[in-house]
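Welcome! Please take a moment to look over the sequence and the model, and then let us walk through them together.

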Amino acid sequence: MKFEVHLDSVGGKTKHIVDLEKEGSSYRVSLDGQPVDADVILAAPNAVSVILNGAAFEIHIAPSLDGTCKLQTGAHEFQADVRDPRAWRGRKQGALEAEGRQQIVAPMPGKVIRLLVKVGDEVEAGQGLMVVEAMKMQNEIRSPKKGRVERLQAKEGQPVNAGDILGWVE
Amino acid sequence: MRLTSDMFRKILIANRGEIAVRVLRACHEMGIPSVCVFSEVDRTALHVRLADEAYPIGPAPSRESYLCIDKLIDVARRSGCDAIHPGYGFLAENPSLPRACADAGITFIGPSAETMETMGSKTAGKQLARRSDVPTVPGTDDPIEHPEEAESLAQAMGYPVVLKAVAGGGGKGMRVVTEDVEFMSAWRDASSEALNAFGDSRLFLEKYLDSPRHIEIQILADAHGRVVSLGERECSVQRRHQKVIEEAPSTVVTPELRRKMGEAAVRLARAGGYVNAGTVEFLVDASLNFYFLEVNTRLQVEHPVTEQVTGLDLVKLQIAIAAGHRLPFAWETISPRGHAMEVRLYAEDPDNNFFPCPGKILARRIATGPGIRLDEGVYRGWTVPVEYDPLLSKLIAWGNSREETIARLRRALDEYTITGIRTNVGLFRRILSEPEFLSGEIHTKWLDQLLARPRPPAVPPRPGTEAAAAIAAAYWESIQPGSGSTGGHDASNAPSRWKKEGRRSQVDRRP
C-alpha cells in the first residue's frame, strides 16, 4: 500500500513515498523506493511508535479539520498531508482558493464580541477583522491576505466553535 | 503539628481546575470529607470526578457560578460544611466571602475580611509597610504640583526616577528620567501625555528600579500570634507581568538576605494582624535592596515550589490554622533544602502570539519519575472549556541543586505530551536552554526582551526523525477506518491491537 506523504516543518517541505506491506502482524516498510528496517505500531491512542534501524521514535498525531495531520515528536512538529496515489482523492481542492478567496475560520471555540470590518471593506494582510473572546482573553482574527471582505457569517455576540467559517476575504 | 480529621466536619472547595483538585487531595489525606461545586461546563471536570460530593452552581460564566457567594453559602449549608477553602483566583481575595462566611457561621480558610482590606490593597499595604519599617520603593504617594518641587525630590532620591500619571495605566504618562538635565522636558511630556490620555495631568514620582527581580516571601501565621517565614520564591520570569516560571531558592538570595526579607515580611504580617498563609511580594534591585510591592492574601499558584523545599503541605496547614491550631516554634528558623522549580503549562500557542487554544485533549503522555510533581485538573478525553483560565498543568521539579532541578524539568517536559491542543511547552524548552536563565541572570522584563529577540535557529532533529514521521503518517492513514485507502481495511478488520498486545504480554512475560 503506497502513500505519498507531504511533510511541512520549520526545516522546509519534503515529499516521501511510503510503502507499507502487511507481513503477518507487522509491516514491510519501504521509504522512497528503498526498503528500510522499520517497525511501526500504534502504542497508545494517537501515539505511533516507530523503531527505525534501532532508533526509537514516538510520533504523536492529531488530525486537523482540513484532513491533514499534526505530528509531534519531542520538540519537533510536522504538518503531514497523506495522499494515496491510487485513490482519486483530491484532498486539496482548496489549493486554488489559497491564492484567491480565503476562508476566515475560527481558530478556537469562543464568542465573537466585535466586528472590525464590514462586507465590502478593503483590508490589508494582517489587518484585524473581528475580535473573538475565549478563556477571558480577547483575540483579534486577522486577514490572511490583502483584499476585499466578501462575506461575513459571524455576528457580534455569536458563539463559535473551532473551525467555524466566519467569513471570506476575496 | 498533628493534622487530624476532626479539625472540620466538612469543607467546601469554592473553586475549580487544578487548585480545586489540590485542595481536595489535602482534604482526602486528612480524612475530612469535602464538597465540590461546578458550573454547567464543568460537569466532567477532574475536581468533580474526584469529589466526595458535588453540587451544580449555575451557568458557565464565572459571575453566574464560581463568583456567586449566595450559591456557595447555600451549598455549604445544605451539605453541612463548616469551612470554605477559596483556592486562588475567583473569590479568594474578595472580602465579601469571609464576611458572608462569618454571617453564616462558617469558617473561612484564609485571612479575615478586615485583613484583606488593609493588606490586600496596594496603597493601604504600602502605608502599612512604611509603618512597620518595611522598605518601599522611594517616592511620593500624592501628586506633586510644581515641577521644581519634583525636581528637588528627584535629586534627593537619586536618579534614575520615574514620573507616573496619577490616573495612569498601560505606560501612558510615564517617563524614566536618568539625569537632571532631562527632568523638565520629561515632566512636560509626561503631564501632557497624561492630560491627553486620561484628562488628568497630575504626576507623582518614584525611584526607578532598573531590571528588578520579583522575589516573594511565603508566610504562615496562626491565630495565636506566631508568624513564620518559609523563605523566598523567585518569580522574575514573567510574560507581560504574568509569572511563567517560579523557583526556590533564588540564585541571588543569601542566607543573610533571606533572614532580612523574612523578618520584614513577618513584621508586616504582625502589623496587619495577618492569620493563615500569605505572600509578601518584593522587588529586588541589582544591589540587593528589597522594596515591598504587595501582599497576596491567599494561597499562590506557585505554592508547590515552597512545599518541595520545605517539606510542608501548605493547604493542610491552612486548614489547621483556620481550625485554631498553633504553628510549632521550631518553624521560626526553617530554611530551604535543595531546589524546586515550577512551570505553568497553558493551553495556548506560543507561535501564534500565545493565542488560547482550548479544545479536546485527544491523548496525552504524562511526566513522572524522580523529582517530578504534576498538579493539574485535566485528563485524556476532556475538553478544556473556553470560559476559564487556560492553565492545564503545573509541572514542578526538584533536586539537590538548581542544575539537577533544571535537568529534571527538561526531561519531564520531553515526556509531557498533549495531543489535540497546543500548549506553551516550547516556550519552556527555549527558556530552559537560555544561558542567562541557566546562570540566573533574570529580571521581570527578561522574558519579554527575550521574546522580542529573533528566535535562535531550531535545533535540528536527530537523524531519522523525518523518515519516522513520514512512516508514522502513512501508517496512521492506513489504520483510519473509512479512509479511502485499501490498506486501511486489513488494519481496521483485524482484531484490536490493544487485545493483541494484551494477549502477547500475557504469554511473553519475562521474569
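Helix α11 of chain B, residues 314-322, is mostly covered, with 8 of its 9 residues buried. In this predicted model, the buried residues of α11(B) are Leu314(B), Val315(B), Leu317(B), Gln318(B), Ile319(B), Ala320(B), Ile321(B) and Ala322(B). What do they pack against? Their partners, in chain B, are the helices α1 (17-30) and α10 (303-310), together with the strands β4 (83-85), β5 (107-108), β9 (213-221) and β12 (276-284). Just after α11(B) comes Gly324(B), which takes a positive phi of about 90 degrees.

Now move to strand β1 of chain B, residues 11-13, where you will find Ile11(B). Is Ile11(B) buried or exposed? A residue counts as buried if 20 or more other C-beta atoms lie within 10 Å of its own. Ile11(B) has 28 other C-beta atoms within 10 Å, so Ile11(B) is buried. Leaving aside neighbours within four places in sequence, Ile11(B) is in contact with Cys27(B), Ile32(B), Ser34(B), Cys81(B), Ala83(B) and His85(B). Take Ile32(B) as one of these: it is 21 residues from Ile11(B) along the chain, and their C-alpha atoms are separated by 7.2 Å.

Further along chain B is helix α12, residues 402-415. In α12(B), the buried residues are Thr405(B), Ile406(B), Arg408(B), Leu409(B), Ala412(B) and Leu413(B). Seen down the axis of α12(B), these buried residues fall within an arc of 160 degrees, so they line one face of the helix. They pack against the strands β14 (339-346), β19 (372-376) and β21 (391-399) and against helix α13 (425-431), in chain B.

Next, turn to where the two chains meet. The contact takes 43 residues from chain B and 52 residues from chain A. On the side of chain B that touches chain A, the elements giving two or more residues are β16 (355-356), β18 (363-365), β22 (417-419), α13, α16 (465-478) and α17 (487-493). The largest share of that side, 14 residues, comes from α16(B). By class, the side of chain B that touches chain A has 23 nonpolar, 12 polar and 8 charged residues.

Finally, look across to chain A. How is chain A divided? Chain A has domain 1 (2-83) and domain 2 (97-169), and the C-alpha centres of these two domains lie 34 Å apart.

Methods. Residues numbered from 1 in each chain as written. Chains lettered and ligands numbered in written order. Predicted model: local features only at pLDDT ≥ 70, side-chain atom pairs only at ≥ 80, totals over all residues. Domains from an automatic or database assignment. Helix = DSSP H or I, 4+ residues; strand = E, 2+ residues; numbered from the N terminus. Expected span 1.5 Å × (residues − 1). Buried ≥ 20, exposed ≤ 12 C-beta atoms within 10 Å, placed from the backbone. Arc of directions from axis to C-beta. Contact = placed C-beta atoms within 7 Å. Nonpolar A, V, L, I, M, F, W, Y, C, P; charged D, E, K, R; others polar.
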